[in-house]
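Thanks for coming, everyone. Let me put the model up on the screen, and then we can walk through it together.

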Amino acid sequence: MSSGLGVHGLHKKFGDTVALDGVDLDVPRGRLVGFLGPNGAGKTTTMRGILGLSAMDAGAVTWEGRPMTEQDRHHIGYMPQERGLYQGMRVLEHIAYIGRIAGLDARTAEERAGRWADRVGLADRGDDRVQELSTGNQQRVQLAVALVHEPQLLVLDEPFAGLDPVAVSMLSEIMAEQVDNGVSVVFSSHQLDVVQELAEYVTIVAGGRTRATGTVTDLRNSSPHRRLEIRWAGAVPSWSPPDGVAEPSPHGVSRFLVPARSDAAALIADASSAGGLAAVSFEPPSLGDVFLELART
Amino acid sequence: MTWAQATTVAAREIRVRARTRAFRVITGILVLVAIAGPTAAALWPEGDDDLRSVTVGLVDVDDATAEQIAAFAATRLDLTFRPYAASARADLDRDLSDGEIDVALEAGPTLVWDRAADPQIAAVLHGALQQLDALSRGRELGLGDDEIAKMLTPVEIGERHAQPSNQPRGLAMAVAMIGLMAAFLLPQLYGQLAMMSVVEEKSTRVIEVLLSHLRPRTLLMGKVVGIGALAMAQLAVVVCGLVAALLVTDAFDVPSAIWQFVPVFVIAIVGGLAIYNTLFALLGSLISRQEDASQVMLPVFIPLMAGFFVAQATVAGSANPTLVRVLTLFPLTAPMLLPIRVALETIEPWEIALSLGLLALGVWLLIRIAGRVYEFTLLHTGSRVGWGQLLRLSRGSAID
């Protein structure tokens with residue numbers, strides 16, 4: 001697998017406020033990386049650093065193992081967190097305009113604009129002005145704008161915000177297609193269930209620093225906790241595992257957070273002596289739980 | 001790719017602005033106004049042909065003499081005669097007093113006025129009577145009518161001025177005033193369009209998408225060129241309407257010398273648009289909301305107003321000559337002073353060259369400074385960038 005995008009030790013201060021305090025991020029070619037962090041963690045500032053929109057105080061951004069050049073940046077597709085569109089322009093005209101700015105000739109830009117408008121489900125809205133579209137449809141235009149010049153690296157800041165499930169599915173499909181075509185994709189999102197579903201790799205930042213990076217499975221397994229869930233066959237007994245912390249549970253179910261080193265078989269055997277078991281699960285916490293653990297530390 | 005990107009930005013600015021209803025309506029109105037002047041002049045001529053009608057009372061003057069006087073005065077006055085008997089002087093005096101007749105001619109010859117003499121009538125009748133007397137003397141001397149006519153042909157008298165005139169020179173001055181108004185109004189209107197365009201890009205965050213593909217300076221160049229070209233196109237359409245109306249109606253005799261001013265006017269207006277569009281765009285980058293525009297625009301209006309008022313005072317002949325010379329060389333006021341001084345012919349060729357050179361230098365410097373400031377201010381949101389920060393940025397220092 002080739003090296004793709006590398007972000008190494010980015011630092012950035014705004015006055016006395018430290019926005020980035022050593023962010024590292026790797027997005028190899030043909031890989032989809034979720035870039036997670038609470039609000040103010042430094043995700044958008046990092047993305048602006050990648051795009052060269054904001055000068056960094058220290059650190060490096062590389063592409064294919066060497067410092068990223070202005071020429072390399074022409075091959076980035078960017079989707080900002082807030083809608084970055086001219087409200088008065090028509091959809092096709094807008095997509096083609098950004099294509100031209102990104103270096104396409106007029107004919108290719110128009111042809112691609114039509115193709116991408118069709119791909120994001122806006123084939124019949126091409127002559128509408130952006131301001132006439134719903135928030136979700138504007139987000140689709142934004143995606144087409146990011147893809148029109150067929151970039152090698154996609155940087156998507158909160159791409160799922162404001163999308164309905166159909167649009168989320170469409171966007172996920174397009175992102176997967178791009179990865180299959182060898183494009184490096186990095187995206188931020190607060191919808192952790194979508195991230196867990198979509199991304200194989202994630203990087204979590206908090207307080208301007210990279211806190212964890214790896215595959216979703218590895219990150220979940222690296223948690224010092226496991227989630228034990230027992231569905232009881234009858235009345236819920238007053239049983240709890242040693243070193244376990246009870247969590248809110250629906251009727252007929254007991255949920256506990258237990259140390260990762262716990263012996264699952266022993267716990268199940270102990271629980272079965274307290275009451276009848278209908279179902280038991282013992283697994284690493286979800287990506288959302290891991291995220292919360294890291295964000296709180 | 002920079003030039004291609006700049007032209008793409010410029011083309012978008014032209015396309016988007018030109019198709020707005022407001023732009024099309026305003027352009028249409030301006031063309032109609034431009035056409036209306038010459039058309040009205042052609043339909044309702046002021047009339048060199050409409051000679052002033054004058055009624056002359058005659059006392060002891062025969063009809064043949066009266067006809068001869070009318071013939072001599074025919075190019076300047078339309079004379080009608082009313083005879084009076086020598087004994088009816090009281091009637092003549094009353095008619096003069098009542099305005100029934102403008103003047104009376106008695107044998108002698110003597111002109112009789114009510115109170116004060118009318119200078120135009122007096123001059124024409126004096127000339128006619130002199131010619132009549134010369135004709136009579138010529139015949140007495142045996143000269144033929146052709147010889148007398150040759151003798152009476154007026155000499156053509158030229159004029160020369162030791163000092164250049166400060167007085168307006170008809171159509172040349174009208175053209176200069178059009179140049180002044182264009183240099184004053186176009187940068188305001190189109191500069192504010194440039195400013196609003198920048199604020200729109202900042203407030204909608206489209207600026208982030210644009211700057212991920214092009215440099216701030218390229219974006220600025222494209223915007224200034226596009227909006228400036230649109231302004232010049234609008235001016236060209238209006239001027240074409242005016243010229244077409246002048247040619248079709250033949251209402252005015254346009255001196256060919258006027259066309260010599262045009263290159264200076266065009267360069268001055270283009271320079272003014274470039275420098276003010278850049279300045280307005282730069283100020284637009286300091287703010288994040290259109291509501292804040294008024295906070296930053298005031299400093300731009302100071303040189304604009306100064307240039308306009310000093311240019312007007314120059315026309316009236318009441319401006320301080322040193323101030324006029326200085327402001328002609330200052331890039332922010334030169335676009336308004338140049339057209340007026342060129343039309344008044346109160347400017348030396350070297351001054352024109354220096355003024356245009358400084359204007360070009362000013363545009364170049366401002367675009368460089370604006371490009372530097374732009375890199376920091378375009379992504380700045382929230383409170384507006386202060387004047388102190390702007391000064392630091394323009395000197396190349398960074399701000400947080």
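Some housekeeping before we go on. This is a predicted model, where local features need pLDDT of at least 70 and side-chain atom pairs count only at pLDDT 80 or more, while totals for chains, interfaces and linings use all residues. Residues are numbered from 1 along each chain as its sequence is written, chains are lettered from A and ligands numbered from 1 in the order in which they are written, and side-chain values use heavy atoms, with hydrogens and water left out.

Now over to chain A and its sheets. One open sheet has six strands, in the order β6-β7-β8-β3-β9-β10, with mixed pairing; two strands pair if DSSP finds at least two bridges between them. β6 (76-79) and β10 (209-215) of chain A each have a single partner strand, so one side of each is left without a neighbour in the sheet. On average, neighbouring strands of this sheet are turned by 15 degrees against each other, ignoring direction. β9 (residues 201-206) of chain A and β10(A) run antiparallel and are joined by six bridges, and A:Ala206 stands opposite A:Arg209 in β10(A).

The other open sheet has four strands, β2-β1-β4-β5 of chain A, and its pairing is antiparallel. Its edge strands are β2 (17-27) and β5 (66-67) of chain A, each pairing on one side only. Between β1 (residues 5-14) of chain A and β2(A) there are eight bridges, and A:His11 stands opposite A:Asp21 in β2(A).

What lies across these sheets? Helix α1 (residues 43-51) of chain A lies across β3, β6, β7, β8 and β9 of chain A, at about 150 degrees to β7(A). α1(A) also lies across β1, β2 and β4 of chain A, at about 115 degrees to β1(A). Angles run from 0 to 180 degrees between N-to-C directions, and axes are lines fitted to C-alpha atoms, for helices over the stretch in contact.

Let's look at a helix pair next. The axes of α5 (residues 135-147) and α6 (residues 165-180) of chain A come within 12 Å and cross at roughly 10 degrees. The two helices are therefore roughly parallel to each other, a label for angles under 35 degrees. From α5(A), the contact (heavy atoms within 4.5 Å) uses A:Arg140, A:Leu143 and A:Leu147, and from α6(A) it uses A:Ala167, A:Met170, A:Leu171, A:Ile174 and A:Gln178.

On a 1 Å grid over the protein atoms alone, a cavity is a set of points where a 1.4 Å probe fits but cannot get out, and lining residues have an atom within 4 Å of a point. The count comes to one cavity of 30 Å³ or more. The lining of the largest cavity consists of A:Gln139, A:Arg140, A:Leu143, A:Leu163, A:Ala167, A:Met170 and A:Leu171, and α5 and α6 of chain A each supply at least two of its residues.

One last stop: A:Asp243, in the loop between β11 (225-232) and β12 (245-247) of chain A, has a positive phi, near 65 degrees.

Note on methods. Angles under 35 degrees count as roughly parallel, over 145 as roughly antiparallel, 65 to 115 as roughly perpendicular and the rest as oblique. On a 1 Å grid over the protein atoms alone, a cavity is a set of points where a 1.4 Å probe fits but cannot get out, and a pocket is an open set with protein on both sides within 12 Å along at least five of seven lines; lining residues have an atom within 4 Å of a point. Grid points are joined across faces, edges and corners, and a volume is the space filled by probe spheres set on the points.
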